[in-house]
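Trainee: I'd like to go through this model with you, one feature at a time. Can we put it up on the screen first?

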Amino acid sequence: MIVPFLKWAGGKRWLVSAHPELLPSSYKNYLEPFLGSGAVYFHMRPKVAILGDANAELIETYQQIKNNWSSVEEILNSYHQQHTKDFYYEIRTSVFDTAVERAAKFIYLNRTCWNGLYRVNLSGNFNVPIGTKKHVLLSTDDFKSVSKQLNNTELHATDFQTIIENAQKNDFLFVDPPYTVKHNLNGFVKYNNKLFSWDDQIRLRDAIDNAVSRGVKVLLTNADHESIHDLYQNIGEKMSLNRSSVISGKASARGKYSELIIKCYKT
């Protein structure tokens with residue numbers, strides 16, 4: 001088993017742990033347009049995959065783990081020994097010239113910032129404060145195996161539609177767009193427009209509809225909100241699942257929220 005090396009808001013470790021039966025038993029190629037931590041990808045370990053994300057820094061990090069994992073790990077080991085509050089903010093404001101250094105910075109900040117949150121300011125600079133985690137290197141780290149898994153995988157920093165349009169008959173397309181589950185009952189469209197606009201939701205629905213018509217096996221996760229149910233009214237089999245929401249400053253504020261799963265194939 002390969003454990004994702006990043007923590008990501010909205011990550012799907014809970015899904016593969018609690019509901020592996022939702023994943024197809026057979027498929028040709030694996031495609032994922034909103035990669036994040038890649039929990040489903042690493043769970044399924046496909047032989048051939050096309051992965052994408054609009055976050056260019058995220059994709060560059062995967063590319064460096066694929067091609068230069070040992071160099072990234074060496075830098076992380078150095079950061080592990082130097083980690084302090086002052087060092088965190090020094091690295092956060094540092095600008096590195098090489099891709100391998102930028103990848104190590106990305107992983108370091110992901111592991112030591114507040115709750116693994118990725119957020120940038122209007123200038124595009126990462127601005128999440130330091131968190132409580134002290135370990136830069138983890139017992140679950142196996143960058144060599146991650147690199148090997150990524151060997152036959154294409155990585156693209158691109159819009160989701162580009163990845164979806166590459167999916168063909170009998171391919172498996174896992175789609176996990178940015179959304180929040182805390183606003184399922186109030187202000188969903190207004191709040192989520194900051195994460196993923198309603199126009200993007202419509203564009204995504206159209207792309208998925210076209211993919212299903214091509215014979216692509218699609219599994220979509222989204223907010224369990226009436227507007228999303230209406231948007232996908234005639235597409236796939238819908239089910240509501242609960243998960244624990246963990247991106248919260250206080251443990252007492254972390255609760256269970258439903259998410260919508262739309263399955264467009266028979267297992």
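Trainee: Let's start with a cysteine: does Cys264 count as buried or exposed?
Mentor: Ground rules first: this is a predicted model, so local features need pLDDT of at least 70 and side-chain atom pairs count only at pLDDT 80 or more, while totals for chains, interfaces and linings use all residues. Residues are numbered from 1 along each chain as its sequence is written, and side-chain values use heavy atoms, with hydrogens and water left out. Buried means under 20% relative accessible area, exposed over 50%, and partly exposed in between, using a 1.4 Å probe and protein chains only. Cys264 has 13% relative accessibility, so the call is buried.

Trainee: And how many disulfides does the structure hold?
Mentor: To count, a pair of cysteine sulfur atoms has to sit within 2.5 Å. Cys113 is another buried residue, at 2% relative accessible area. The number of disulfides in the structure is zero.

Trainee: How far can I trust the chain, that is, what is its mean pLDDT?
Mentor: pLDDT is the predictor's confidence in each residue, from 0 to 100. One stretch to treat with care is residues 245-255, where pLDDT stays under 50. Over the protein chain, 89% of the residues reach 70 or more, and the mean is 90.

Trainee: What share of the 267 residues in the protein chain is buried?
Mentor: For context, the chain's secondary structure comes to ten helices and seven strands. Those are DSSP runs numbered from the N terminus, with helices (H or I) of at least four residues and strands (E) of at least two. Of the 267 residues in the chain, the buried share is 49%.

Trainee: Now the inside: about how much space lies in the largest cavity?
Mentor: On a 1 Å grid over the protein atoms alone, a cavity is a set of points where a 1.4 Å probe fits but cannot get out, while a pocket is an open set with protein on both sides within 12 Å along at least five of seven lines; lining residues have an atom within 4 Å of a point. Points are joined across faces, edges and corners, and a volume is the space filled by probe spheres set on them. The structure holds one cavity of 30 Å³ or more. The space in the largest cavity is about 40 Å³.

Trainee: How many charged residues does that cavity's lining have?
Mentor: The lining is made up of Val3, Pro4, Phe5, Thr140, Asp141, Asp142, Phe143 and Val146. Here Ala, Val, Leu, Ile, Met, Phe, Trp, Tyr, Cys and Pro count as nonpolar, Asp, Glu, Lys and Arg as charged, and the others, Gly among them, as polar. That gives five nonpolar, one polar and, for charged, two.

Trainee: Which element gives the largest share of the lining of the second largest pocket?
Mentor: That pocket has a volume of about 400 Å³. Its lining has 20 residues, with Glu57, Arg92, Ser94, Lys105 and Phe126 nearest the centre. Helices H3 (56-82), H4 (85-93) and H5 (99-112) are the elements that give two or more residues. With six residues, the largest share comes from H5.

Trainee: Last one: how far apart in space are Gly215 and Gln168, C-alpha to C-alpha?
Mentor: Gly215 lies in the loop between helix H9 (198-213) and strand E5 (217-223). Leaving out residues up to four places away in sequence, Gly215 touches Lys169 and Asn170. Gly215 and Gln168 are 47 residues apart in sequence, and their C-alpha distance is 6.8 Å.

Definitions and conventions:
Contact = heavy atoms within 4.5 Å.
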